[in-house]
Structure formats: structure tokens, C-alpha cells
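Here is a quick tour for anyone meeting this structure for the first time. Have a look at it, and then we'll walk through strands, helices and charged pairs.

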Amino acid sequence: MNLLVSSGHKDIENLLNQIDNYEVEIVNEITEKNISKADCLLILSSLENCSSTEEFNLKIQGIYNTLALSVEQGVNKVIMISSLEILDYKKSYTVTENWKPKPKKDMYNLSLNLSEIVFKEFGRTFPFQKILLRVGFPINDKLNNNLNCFTSKKDFVITISKILKTNFKNQFEVFHVQSECDHQRYLTNKLNDLERLSSSIDDYYYYPRKKL
Amino acid sequence: MKVLILGANGMLGPWLSKILKDDHEIIESDLNEIETNTNFVKVDISNTEEVLNASEKVDAIINLSVLRTDRKLAFDVNMKGNLNMMLAAEKFRIPRVINTGPHFQVAGPTYENYDHEINPDIPPQPGVNIYAISKALGQEICEVFTEKNEFIFLQTLLFYNFYDKDLLKPNDKKGVDNTGKDLTPFSVRWEDAAEAIKLALEIDLKRLPSRSEKYFIFADLPHNKFSNKKAKEQLRWSPKYNLKDAWNR
């Protein structure tokens with residue numbers, strides 16, 4: 001199986017090589033040639049930093065073009081990595097995947113928000129699996145007592161592997177991931193219950209209604 | 001009020017300038033120069049510096065700029081243009097921002113099967129059409145900046161099909177008779193569209209229910225697929241032309 005990755009975050013790029021059963025190709029530019037061989041596309045470029053208005057503009061255009069190309073080339077599954085930072089709610093709130101993004105107005109957070117909107121609209125329009133994974137940064141194994149949101153490298157790799165293996169019933173899903181810790185900022189119940197979201201032969205079998 | 005109009009050389013710009021010029025000091029701006037008796041500044045809305053320079057010391061910004069088909073230019077104008085406008089509003093503490101767009105930046109293809117009283121506060125679902133999504137992204141930028149800057153009041157007016165007086169012109173060699181022909185349920189006369197923007201510009205901001213409000217602007221038509229009730233109630237806008245004679249369903 002081929003996993004094509006649009007580069008954008010060095011730490012994550014290095015971790016992706018640990019995924020089993022997938023041949024990982026990390027590229028700076030998505031082209032017809034490299035995407036046509038891919039079974040799955042992972043978009044890290046949504047995490048790319050942008051400081052000027054023009055970088056911001058080009059980043060969103062790049063996301064749109066990448067997704068349009070993935071539709072044209074019939075990629076089965078597209079995963080976009082975003083950040084839990086986009087949910088700028090009070091720390092005491094229990095925020096889940098159902099909450100509306102509330103980004104800060106700096107270019108980076110704004111670009112994450114707009115990337116997610118573009119991704120969601122493609123998810124709504126075209127019938128193939130699109131998974132939005134919001135990661136709790138930093139990705140770090142060292143537990144710092146002050147952090148109530150971080151993701152260990154192991155947890156990150158396991159999450160990506162699970163998402164790659166799952167055949168989703170819905171064409172668009174959002175997951176939050178962070179490692180367990182005291183005063184954990186975000187819940188990961190949906191991700192822990194991933195199997196419930198996968199499709200099986202039973203989902204397509206018609207059961208006549210039982211007589212009352 | 002000193003008002004900057006972005007994209008003043010479009011189709012709607014002249015109608016708006018005509019009704020604003022007696023009551024306000026207007027600065028018209030566009031990528032292409034226009035012959036006008038008012039102040040004119042050449043501004044490429046996708047250029048941050050140019051938008052910032054044109055926005056200093058204005059009381060309100062009205063954004064009429066739009067680009068529909070070219071993929072790159074659509075993002076440059078509809079998305080980055082809005083970002084530049086909001087950066088200017090933030091920098092110069094401009095309290096009144098009026099944005100415009102097509103109704104389908106909110107009510108996209110997924111709403112096609114709904115057929116009664118679709119209002120402007122539905123969750124936006126623009127789809128992936130380049131015009132709709134780039135406008136919707138621009139709108140999102142406006143809303144984020146409005147939420148984070150407590151002095152900004154954003155009003156968004158959504159239009160679609162504009163008509164002038166020729167719509168109902170009697171059939172002769174020059175004119176086309178549209179009487180009784182079909183019409184989309186989202187149509188408006190230019191004069192009414194410009195009047196709605198004027199009302200949004202002049203409304204007492206304290207009367208607005210929130211700092212970000214969206215309005216559907218279209219003529220009264222029998223179908224009622226969409227609802228213009230909010231614009232009538234909040235802006236006290238009343239379309240002068242109902243276009244009923246052009247409706248045939």
C-alpha cells in the first residue's frame with residue numbers, strides 16, 4: 001500500500017516511516033504522477049507555518065488544488081492533519097469533535113481553520129473517505145507536568161495506523177488525538193471507539209422489519 | 001461618513017455610488033480606473049499594502065469586489081482580499097464593515113432540495129465551486145476578525161441575480177420581453193440591492209442583534225424558497241420592485 005505525504009511538518013514526517021505495511025513517500029509537491037500511485041494521501045501541508053498574507057493565500061490554494069487532484073485521480077482515502085489549537089475555547093470546557101472550530105486570528109490558526117473548511121466541503125461533495133485528525137501538539141514523549149495537551153510519538157503512529165486500516169462508513173470524520181495525562185485537555189473517546197465507525201458486510205445487508 | 005468602496009467599478013458599484021454620494025464622503029476604489037466625480041484610489045484588493053493605504057481614516061468599508069472563474073484570481077480577490085480588508089479594519093479601528101457575496105456561499109448545492117424560507121443564518125455549505133468556496137472562506141475570515149475585535153460590526157449582504165428595468169421591457173426590436181418568463185427565486189433589481197447596502201451603512205449599530213449579521217437580499221417573489229424577512233426586519237429594507245410579473249411557476 002502506498003501512502004503519499006505532502007510535507008509540512010518535519011517531526012511528523014520522520015514518524016511516518018514507522019508505519020507498518022505502507023510504503024511512505026514524502027513529497028514537497030503533489031503532482032498527477034505521484035498521486036496516481038497513492039492509495040492514501042496524508043496532508044501535512046496544512047500544518048505549514050505562514051506569516052504573511054501571501055503565504056497564507058498560497059497555502060489555502062495549495063490545499064484546494066491538492067484535494068481537487070486527489071478527486072481527479074480517485075484516491076481512496078485522504079487524511080488531513082490539523083491541530084487542536086484551532087479550538088480556542090476556555091480551558092475548563094470539555095471540547096469534543098462536534099464543537100465548531102474557534103481559531104485565533106493569527107495567520108497560522110486562520111489557515112488551519114480555512115484548510116479544514118475546504119477539506120470539509122470536499123468531504124461533503126465527493127464520496128470517498130476523508131479523515132480530519134486534530135493533533136494535540138507538541139508531539140513529544142517527555143511528559144512535562146505543565147502540559148495538559150501533548151501527543152506521544154507512539155500514540156501518534158498508532159493513531160495513523162488505525163485510521164489507515166479502518167474502512168469508514170461515513171465519507172467525512174473528525175478525530176481528536178492527544179495522550180492521556182492528568183487534567184487531559186481534550187477527550188479522545190471517539191478515536192478509542194474507532195471500530196464502531198468502520199463498515200462491515202452487516203451494514204449493507206437489508207434486515208426486513210420484524211413483525212410486532 | 002467617510003466610506004471606502006472596494007471593487008467600485010463592478011456592476012453594483014455605480015448604483016451604490018449614485019445613492020451614497022449626496023449623504024457621505026465616498027472613496028471609490030478598483031483595480032481599473034474609472035471616470036468619477038468622487039474620490040478615486042486605484043487599489044488591487046489582493047495587495048495588502050494598497051488596501052491598508054486606502055483604508056486609513058475611513059469610518060466604513062464596503063466590499064463589492066468579486067472574481068468568479070479563474071482559480072488563482074478567485075482566491076486572491078475573494079479570500080485574500082477579505083483578509084486585507086479585515087487587517088485594515090483592525091489596524092485603523094474601522095467599526096463598520098459591509099461584505100457582499102452570492103447567496104450560494106451559504107446555501108450551496110446541499111440546500112437545493114430545501115424549498116421554503118431558507119434563511120441566511122443556516123450553517124454555510126458552499127460546496128467546492130471555486131466562486132462559492134473562495135467567497136465563503138473570505139466570509140469566514142471576516143467573521144473570525146469580527147469575533148476577536150470587539151469594535152468591529154460586520155454586515156454581510158448576499159445577492160445573486162441582478163436585473164435592471166429592461167427585465168420587463170415590452171417586446172420590440174431593441175428590448176427583450178421577459179414578462180412571464182422564468183426567473184430564479186433569488187433575483188433583485190440593482191436599485192433595491194444598492195438601497196439595502198445604504199441601509200446597512202446607515203443603521204445605528206446598537207440596533208443590530210449581534211456584531212455579525214447576514215442578510216439575503218432579493219425581491220419579494222411568490223415562491224418563498226428563500227427568506228428576506230431578516231433584511232426587512234433589521235435593516236428596514238423594502239424592495240421597491242417585486243418582479244412578480246416575470247415569474248412563471
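## The sheet in chain B

Let's start with strands S5(B) and S6 (residues 153–159) of chain B, which pair in the parallel sense over seven bridges. Within that pairing, B:Gly101 sits opposite B:Leu158 in S6(B). A quick word on terms: helices (H or I, at least four residues) and strands (E, at least two) are DSSP runs, numbered from the N terminus, and two strands pair if DSSP finds at least two bridges between them.

Zooming out, chain B has an open sheet of seven strands, in the order S3-S2-S1-S4-S5-S6-S9, with parallel pairing. At its edges are strand S3 (39–42) and S9 of chain B, each pairing on one side only. From one strand to the next, the twist averages 20 degrees.

## Where the model comes from

This is a predicted model, in which local features need pLDDT of at least 70 and side-chain atom pairs count only at pLDDT 80 or more, while totals for chains, interfaces and linings use all residues. Residues are numbered from 1 along each chain as its sequence is written, chains are lettered from A and ligands numbered from 1 in the order in which they are written, and side-chain values use heavy atoms, with hydrogens and water left out.

Buried means under 20% relative accessible area, exposed means over 50%, and partly exposed is in between (1.4 Å probe, protein chains only). In a regular strand the side chains alternate between the two faces of the sheet.

S3(A) also has partners. Strand S1 (residues 2–6) of chain A pairs with S3(A) in the parallel sense over four bridges, and A:Leu4 stands opposite A:Leu41. Strand S4 (residues 77–83) of chain A pairs with S3(A) in the parallel sense over four bridges too, with A:Cys40 opposite A:Lys77.

## Charged pairs

Over all chains there are 17 salt bridges, each a side-chain nitrogen of Lys or Arg within 4 Å of a carboxyl oxygen of Asp or Glu. One of them joins A:Lys10 and A:Glu13, whose closest N and O atoms are 3.2 Å apart. Both residues lie in helix H1 (residues 10–16) of chain A, three residues apart, about one turn of the helix. Are they buried or exposed? A:Lys10 counts as exposed at 57% relative accessibility, whereas A:Glu13 is buried at 7%.

In chain B, B:Lys229 and B:Glu117 meet in a salt bridge (3.5 Å, N to O). B:Lys229 is in helix H6 (residues 229–234) and B:Glu117 in the loop between strand S5 (96–102) and helix H4 (130–148) of chain B, so the pair ties together parts 112 residues apart in sequence. Then there's B:Glu143 with B:Lys214, at 3.7 Å from N to O. That pair links helix H4 to strand S9 (residues 212–216) of chain B, 71 residues apart.

Technical notes
Axes are lines fitted to C-alpha atoms, for helices over the stretch in contact, and angles run from 0 to 180 degrees between N-to-C directions.
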